[in-house]
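Please keep the viewer open as you read, and jump to each residue as it comes up.

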Amino acid sequence: MDSFRDVEIGESLLSRTETLASFRELGPPDLCHVIKSTGKAGQKDIGSYHYVSGVDASSSASLAAYLNSLTYAVEDSQAWFSKSITWKVRSGCYCCFNAFSRVDMRVDVKIPGGVQAYIVDIRGERHEATPELWQETYLSAMLRAILYADDVNYRLAGYRKLDPITTLEGEIRFLQAAEALFMKGWQLGSDPEIQVASVVSNHLSSGVMKYFGDSFRYDQAVNLFEKLHAKEPEVASLLAQAYIGMNEEVKGVQVIASALRENPQAYTLLHVQCDFLRSKGKTEWALQLARQAVNCAPSEFATWSKLTEVYTELGMFDSVRTGQKCDTAIADQPCFKALLTLNSCPMFTYNERDLHRMPTPSKTHLPIKQFIADSNILDEEGSKDTDADVALLRLPAPGLRGTFAKAYALLARLVSQIGWDELLKTRSAVFVMEEEYRAQKAAAASVQTPTKESHAILEDGSVRDSGVSLSNGKPRHSADDDASTRGIQSPKDGQASAAGSVGSIAATNGNLNPNANAVPSIPVIKVSTESDREKEHEELEKQGVDVNGTHTISEHPSAEGSEAGDEHGQEITVGSEAGRALEKPVAAAANEEPEDAAGGRSSPRPGEKQLPSGDGFSFSNKRLCERWLDNLFMVLYEDLRIWTIFRAEVAHYKTQHVAYRKTGTEWEILGELGLRLHHKEEAKEAFLRCLEQKFSAKAWMKLLEMFAEENDLQRSLNAAIRLTAYQHRWYQESSYPTAIAHHLYKLGRIHGHAKISYTILSMGLPEGLLNMMQGYLNYGKMFKIEGFDY
């Protein structure tokens with residue numbers, strides 16, 4: 001397989017050299033470039049390349065061995081080269097990024113001929129390779145293969161993934177390199193939720209924990225961390241976490257207690273102890289530790305998010321214990337404190353994964369292995385179907401990354417515990433609403449400059465009459481009024497704002513009249529901007545339709561569903577109970593000015609009089625909502641609105657005994673939406689409906705996770721087989737560490753690997769698929785993963 005062919009030989013290597021300075025963390029996948037020749041006069045050589053990870057990069061000999069192995073695959077029509085057997089590999093270059101020293105290790109191989117190894121720095125200059133640089137390069141390659149095995153943000157076409165560690169000797173070499181370079185781990189960077197990488201919070205420590213944790217082999221990690229703990233006391237948090245993971249809880253607690261006596265300000269230790277107490281149901285004790293962790297590291301997102309999680313859990317337990325959502329003063333409720341804590345989270349800009357920026361290749365060749373094609377598992381033609389309702393495609397939540405994605409998950413979990421109405425009530429009690437803010441500004445302006453006419457000073461400094469013009473009986477606001485709902489990117493259009501993503505039910509514009517006795521109906525899912533809604537209003541008014549009332553139209557939720565609607569000849573009122581049940585959040589005042597500990601400005605500006613308080617309202621008992629959190633409320637509202645409409649559609653079609661139809665892509669999006677909103681059973685149903693219409697690796701992966709949690713062996717293996725075939729089709733040939741292996745080993749701890757093996761044999765799989773599935777069990781046998789011997 002050519003994978004990608006250069007327009008000009010060597011342009012891919014030149015492009016990689018030019019982008020070396022842009023790599024911030026672990027770096028891009030390894031690049032393998034080869035030059036092929038036919039050996040005939042007049043025939044030009046061609047250059048082709050592909051990406052690869054998992055290759056042993058400990059020496060020039062091991063990298064040269066990989067390049068040499070490609071020469072034996074030339075005659076294999078399903079390997080990495082084209083079918084023609086006349087091509088011969090003349091030379092090759094293997095590039096592997098050293099994330100510690102920020103240089104590119106390269107090995108040139110001439111066939112036949114010699115091997116030359118050198119490094120290229122960010123300026124493109126060559127230097128000699130040293131043993132220390134080789135060790136750093138080897139560990140960098142291993143960490144990329146481990147951490148990015150299933151990372152959706154690190155997915156490329158033509159990316160071959162091999163097992164990074166295949167023998168016990170290879171694992172020992174990995175542990176030795178990790179021990180030698182552990183104190184340099186902070187140079188690699190850390191997860192997006194960590195602001196400052198440290199000795200224990202970095203990609204190296206995460207890679208070690210992931211590699212041993214996914215196979216439940218924490219004993220190896222304990223041996224490593226015991227050695228490192230003697231040199232660096234901060235490693236105690238990782239050591240305690242490993243002990244608890246291998247069910248040595250007493251030793252883990254002893255390590256935590258001893259380390260906290262020496263360093264009581266280590267928030268990582270407090271978090272390990274906090275998680276341990278939460279697992280034992282001691283949430284109130286865990287709360288004290290989470291608070292202390294915030295005091296120790298107030299600039300870290302992780303500490304504030306952990307405190308938010310604990311408050312949310314505490315609120316859940318309180319509601320279960322009391323049987324009601326609100327039984328105390330709102331300021332004393334855990335949901336109040338959870339929202340206040342979430343607003344205090346420091347947010348960080350998300351940095352994309354380090355990837356190549358390659359020139360457009362002259363040819364792309366990505367063949368499929370014959371036995372995978374013959375299995376008819378993948379249905380590649382059907383999987384290309386991406387038709388879906390525009391409202392589902394434009395949901396902004398899937399586009400969130402880093403700390404913003406984590407904050408959204410916390411907010412979604414909170415709303416799943418207390419409900420949307422209760423969340424809005426808490427929000428209005430915690431934060432200054434925009435109308436309150438404007439009223440206070442107008443009052444301040446009238447006190448400062450008393451005139452015959454009342455004026456309000458806006459944020460942009462302009463002065464406008466405080467009398468707000470009305471449109472259809474409602475206040476009309478300027479474009480600036482929606483400023484707090486902009487700034488969230490959607491996955492389809494990076495420039496789309498949240499305001500443009502917040503949808504409406506087209507015929508009613510979200511007019512929710514609780515006194516309207518409308519027939520339960522199904523609104524059309526539609527996403528429109530504010531300007532679109534104004535145009536729709538004008539058109540409807542020209543037709544004599546009251547935009548504040550309801551309008552009777554025929555229901556057409558989808559192309560397939562329209563046939564069912566016409567068949568019954570029903571006319572359905574838009575403005576249904578599904579739409580009325582969900583209140584759209586009003587904008588909160590943005591936090592654009594410094595606050596004091598109470599949440600308001602510490603003192604008036606020079607020459608400014610104190611704002612008068614009316615109706616018991618003052619800034620001293622409320623906080624200003626961060627703009628990003630206000631945006632997330634709108635994103636969550638959009639998710640809830642679409643989900644409410646979807647469930648109402650399902651209920652309506654069920655009562656009418658009509659089949660409810662959606663495209664495969666729509667079912668996939670709805671399944672993800674259900675998981676985000678913690679509706680697990682509905683999400684599972686949506687994923688299953690998706691798979692009835694097309695092959696979806698995303699749906700199969702989510703179902704594998706659910707089936708493994710339910711201890712459903714047969715269905716888990718069914719999902720694992722299809723996902724393994726899919727991964728091998730796209731050259732992901734590694735057995736471990738992968739999400740598939742993790743879930744299979746989880747089942748193996750209960751059923752044993754022997755039962756899994758016999759169950760796979762009973763399925764009558766083709767030899768190629770059977771060998772791929774046996775690869776997981778062979779790895780478990782070699783490294784003695786729990787369950788391998790029964």
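1. Helix α28 (residues 739–751) and helix α30 (residues 767–782) have axes that come within 11 Å and cross at roughly 65°. An axis here is a line fitted to C-alpha atoms, for helices over the stretch in contact, and angles run from 0 to 180 degrees between N-to-C directions. The crossing of α28 past α30 is right-handed; a crossing gets that label if the near helix is turned clockwise from the far one by less than a right angle, and left-handed if anticlockwise. On the α28 side, Ile740, Ala741, Leu744 and Tyr745 meet Met773, Tyr776, Tyr779 and Gly780 of α30, where contact means heavy atoms within 4.5 Å. The residues of this contact divide into seven nonpolar, one polar and no charged. For that count, Ala, Val, Leu, Ile, Met, Phe, Trp, Tyr, Cys and Pro are nonpolar, Asp, Glu, Lys and Arg are charged, and the others, Gly among them, are polar.

2. A word on provenance. This is a predicted model, in which local features need pLDDT of at least 70 and side-chain atom pairs count only at pLDDT 80 or more, while totals for chains, interfaces and linings use all residues. Residues are numbered from 1 along each chain as its sequence is written, and side-chain values use heavy atoms, with hydrogens and water left out.

3. For the overall picture, the protein chain has 30 helices and 15 strands. These are DSSP runs numbered from the N terminus, with helices being H or I of at least four residues and strands E of at least two. Of the 790 residues in the chain, 52% are buried; buried means under 20% relative accessible area, exposed over 50%, and partly exposed in between (1.4 Å probe, protein chains only). Among contacts with a separation of 6 or more, 71% come from residues 24 or more positions apart.

4. The axes of α25 (residues 680–693) and α26 (residues 697–709) come within 10 Å and cross at roughly 135°. That makes α25 oblique to α26; angles under 35 degrees count as roughly parallel, over 145 as roughly antiparallel, 65 to 115 as roughly perpendicular and the rest as oblique. α25 passes α26 in a left-handed crossing. From α25, Lys680, Ala683, Lys684, Phe687, Leu688, Cys690 and Leu691 meet Ala699, Trp700, Lys702, Leu703, Met706 and Glu709 in α26. By class, this contact has nine nonpolar, no polar and four charged residues.

5. Which side chains does Arg160 pair with? Arg160 sits in strand β8 (residues 159–161), and it counts as buried because its relative accessibility is 14%. Its side chain makes a polar contact with the side chain of Tyr66 at 3.2 Å, and another, of 3.1 Å, with the side chain of Glu733. A polar contact is a pair of N or O atoms within 3.5 Å; within protein, one must be able to donate a hydrogen and the other to accept it, and residues adjacent in sequence count only if both atoms are side-chain atoms.

6. Ser37, in strand β2 (residues 30–37), is buried at 14% relative accessible area. The side chain of Ser37 makes a polar contact of 3.1 Å with the side chain of Asp45.

7. Please also check Arg102, in the loop between β4 (88–98) and β5 (103–110). The side chain of Arg102 reaches the backbone oxygen of Arg24 at 2.7 Å. Leaving aside neighbours within four places in sequence, Arg102 is in contact with Phe23, Arg24, Glu25, Phe97, Ile122 and Gln187.

8. Now some backbone geometry. Most residues other than glycine have a negative phi, and most peptide bonds are trans. The peptide bond from Tyr736 to Pro737 is cis, with omega near 5°; Pro737 is in the loop between α27 (713–729) and α28. His678 has a positive phi of about 65° and lies in the loop between α24 (664–676) and α25. Lys784 has a positive phi of about 55°; it is in the segment after α30 and is exposed, at 60% relative accessible area.

9. Finally, Tyr790 is also found in the segment after α30. Its contacts, leaving aside neighbours within four places in sequence, are Gly748, Arg749, His751, Gly752, His753 and Ala754.
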